[in-house]
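Please read them with the structure open.

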Amino acid sequence: MNAGLSAQLLDTLKSQLLVRAGDRVGVAVSGGADSVALLLLMLELREKLGIVLSVVHFNHRLRGKASNADEKFVAALARRLGLAYYGDSADVAGMAKREKANLEDTARRARYAFFERLISEGRVNYVAVAHTADDQAETVLAHILRGTGIAGLGGIHPVAGHVIRPVLAVRREELRAYLKSRKQSWREDATNLDTTRMRARIRKKLLPLVEKQFQPGVVDHLTTLAELAREDEAFFDAVLEERLAELTRETTEGTRIRINDLLDPWKKKESGAEDEDKEGAGSTENALKIKPALALSKRIVRRLAGSLKTRKGELGAKHVEAVLELARHGQSGKRMQLPGGVEVRRERDEVLFRTSGSKNKKSNSGPREFAHDVVLSAGQTSVQIPELGCVFRLTVIDWPPKREETSRDGAVLDRDRLRFPLVLRNWRPGDRLCPQGHRSAHKLKRLLNEKRVSRWERDGWPVLTSGGVLAWARGFPVAAEFAANERTRAGIVVAEEKI
């Protein structure tokens, strides 16, 4: 049994976890049977792998003298085996109380933060943790009972950053049998028997009941389910990344996606031949076609919201459906808050995902206001607008012989028709513009609405006034009154560049 277990572990470490010669591996040892067995197995394989082993222990101080006894046991084991020992502790109960957080979750975060410190300090390259097949089965069941999707069915991952789990496919009973064959003692954690905790109830009551009365191989089946779920999740993630790269765009406010793309994220057919063949398909087939698009839509919402989170908060199925409902039927300008400090806003035919709160101070600090006098020079004049993070360049060009210097007609001002003062400022309510090609002036607000510029995007929208009259506004032809024509001798081109 021992030789078979060692060979299995050796194969896992080399082929799946990619541990290589020279790696420094710290084994997380709590003092329990599983972690002690993992340490001894890794010690057996140390020379074959060419790795440097050490022992890692974190004292959560949750069980008083028992926790301290565990720490002493692990430190003594490390000394006996001639291995370096790295230990730390924290008042996890106090942390959980202060943060009003779940005790087990707080303990896990504290423990893994310690692992990360060891890795960042260069003491170890990897930390090996002794999660077993039984732990995997318990985790998958816990996720099912709580309510989960495919990601949750994936359970415990064999590799998570620098944390590896070499015995994830090994049963707990095999490790205990191995320790007994080595005549190695271990510490028992009394909290594992506390059936007031859900994990302990699954371990002591639910799994034994299922094994005895329903399916003896339930643990193996659940671990296989987790493996298949992780494979599917990896595939879906690849598809998701490809679609996000094509359908979303990053702006200064956040991430934008067109509503049609969010609700139907699959690529449109380039050829209509196949679609024509399916035009006569029945309603059942059409209904089935909706499902894949909806599944991908939900993943897009989760990924975009998750990438913007600035604090704790779990995005649930109801939140995801609320975002999709906002996209389907919400009015432009309507917004909603998601857990984790994320805001979603509908803006005409787009949905904007942005971080709310301190990371988007401009949304709470009032409109961006600025006004800069412009003094034209013979060549080029630059006006920097810190409020917008850009610079405007006003370039004087000959006209009409060098009309190729501008990209299109109607985008050039006649220098000699401009009146001073020239002021580059943000737009204001009541501003009116008569763009070249229009017969009369219109409120800029109306023009921005027609251009489908949201009220958030128009914050700080730049305009150029000549003698108090709008001569130019971003995104529009110059004002007819100041536009270059056949009598123009020198024109002015306005260009905007990011700082």
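At what angle do helix α2 and helix α8 pack, and how far apart are their axes?

1. The model is predicted. In it, helix α2 (residues 33-49) packs against helix α8 (residues 172-182) at about 65 degrees. Their axes lie 9 Å apart. The crossing of α2 and α8 is left-handed.

2. Now the residues behind that packing. From α2, the contact draws on A33, D34, V36, A37, L40, L41 and E44. From α8 come R172, L175, R176, Y178, L179 and R182. By class, the residues of the α2 contact with α8 are eight nonpolar and five charged, with no polar ones.

3. Next, Q136. This residue sits in helix α6, which spans residues 133-146. Is Q136 buried or exposed? Q136 counts as buried because its relative accessible area is 2%, under the 20% cut-off.

4. Which residues does Q136 touch, once neighbours within four places in sequence are set aside? The contacts of Q136 are G154, G155, I156, L168, T223, A226 and R230.

5. Last, A411. It is placed in the loop that links β14 (390-398) and β15 (412-414). A411 has a relative accessible area of 23%, so it is classed as partly exposed, between the 20% and 50% limits.

6. One distance to check on the model: A411 to I300. The two residues are 111 residues apart along the chain. Their C-alpha atoms are separated by 39 Å.

Conventions: Residues are numbered from 1 along each chain as its sequence is written. This is a predicted model: local features need pLDDT of at least 70, side-chain atom pairs count only at pLDDT 80 or more; totals for chains, interfaces and linings use all residues. Side-chain values use heavy atoms; hydrogens and water are left out. Helices (H or I, at least four residues) and strands (E, at least two) are DSSP runs, numbered from the N terminus. Buried means under 20% relative accessible area, exposed over 50%, partly exposed in between (1.4 Å probe, protein chains only). Axes are lines fitted to C-alpha atoms, for helices over the stretch in contact, and angles run from 0 to 180 degrees between N-to-C directions. A crossing is left-handed if the near helix is turned anticlockwise from the far one by less than a right angle, and right-handed if clockwise. Contact means heavy atoms within 4.5 Å. Ala, Val, Leu, Ile, Met, Phe, Trp, Tyr, Cys and Pro count as nonpolar, Asp, Glu, Lys and Arg as charged, and the others, Gly among them, as polar.
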